[in-house]
Amino acid sequence: MSEPSASGHIVWHDLLTTNVSKARQFYSALLGWSYEVEHATEFVWKSGEADYPLILHDGEAHGGFIEIEPDQPSRWLAFVAVDDVDDAAARSKILGATIEREPFDIPGVGRSAVVRDAQGATICPFVASHDYPAPTGVFLWDERSRRIRTVRSYFMKSSSHGLPSSPMLEIWDLIPVSRQLMVAP
């Protein structure tokens, strides 16, 4: 039996933070996460070499921490699997998004970009260059709902703001409906 496609699923998370040490302590105490530090000789978030602490849970890596400059806001970045990063970035521009970082290669990992939608939310389309399975079960808000079509239909019908023709809904169409919103079953 073949492995199901990860396309449209959020497969990785990075926390960009001004203090990696404090962030690691916080999430370890709060969620029981452990870490494994990898050293990158060609770090993609800043030039040169850097350490990259991987977030581990039940022996599986789910994301990492990236040290940023003190004048930048800390934030989580979600990496969503797509078939073609360059195409997703180009389509995002057409749909009104801003490309915060043009498509780039991550040596030994894959290809990504940083896209900011019209409301200011950021997401990273991603294509892996390896065949490791996507991690599961830690970032539960990314999991799918069986009722998403019903919820989406309700909001589209009940909105007086023209939601059906909203650019945001068109951007959401880049991601399969099963991953767009977390709703209790």
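The side chains of Arg 75 and Glu 100 meet in a salt bridge, 2.5 Å from N to O (a salt bridge being a side-chain nitrogen of Lys or Arg within 4 Å of a carboxyl oxygen of Asp or Glu). Arg 75 lies in strand 5 and Glu 100 in strand 6 (residues 98–106), so the pair ties together parts that are 25 residues apart in sequence; helices (H or I, at least four residues) and strands (E, at least two) are DSSP runs, numbered from the N terminus. This is a predicted model, where local features need pLDDT of at least 70, side-chain atom pairs count only at pLDDT 80 or more, and totals for chains, interfaces and linings use all residues. Residues are numbered from 1 along each chain as its sequence is written, and side-chain values use heavy atoms, with hydrogens and water left out.

**Salt bridges**
- The structure holds 6 of them, and Arg 75, Glu 100 and Arg 116 are linked in a network.
- Arg 75 is partly exposed at 24% relative accessible area, and so is Glu 100 at 35% (buried means under 20%, exposed over 50%, partly exposed in between, with a 1.4 Å probe and protein chains only).
- Asp 87 and Arg 91 pair up at 3.5 Å, N to O; being 4 residues apart in helix 2 (residues 85–94), they are separated by about one helical turn.
- Glu 102 bridges to Lys 93, with the closest N and O atoms 3.6 Å apart.

**Around Thr 122**
- Thr 122 sits in strand 8 (residues 122–128) and counts as buried at 18% relative accessibility.
- Its side chain makes polar contacts with those of Arg 75, at 3.3 Å, and Arg 116, at 3.2 Å (pairs of N or O atoms within 3.5 Å; within protein, one must be able to donate a hydrogen and the other to accept it, and residues adjacent in sequence count only if both atoms are side-chain atoms).
- Beyond its neighbours within four places in sequence, Thr 122 has contacts including Leu 77, Glu 100 and Val 114 (heavy atoms within 4.5 Å).

**Aromatic rings**
- There are 7 aromatic pairs (Phe, Tyr and Trp rings, the six-membered one for Trp, with centres within 6.5 Å; planes under 30 degrees apart are stacked, over 60 edge-to-face, the rest tilted).
- Phe 79 and Phe 126 go edge-to-face, 6.2 Å centre to centre with 90° between the planes.
- That pair links distant parts of the chain, strand 5 (residues 75–81) and strand 8, 47 residues apart.
- Phe 79 is buried at 3%, as is Phe 126 at 9%.
- Ring pairs also link Phe 26, Tyr 27, Trp 33, Tyr 35, Phe 65 and Trp 76 into a cluster.
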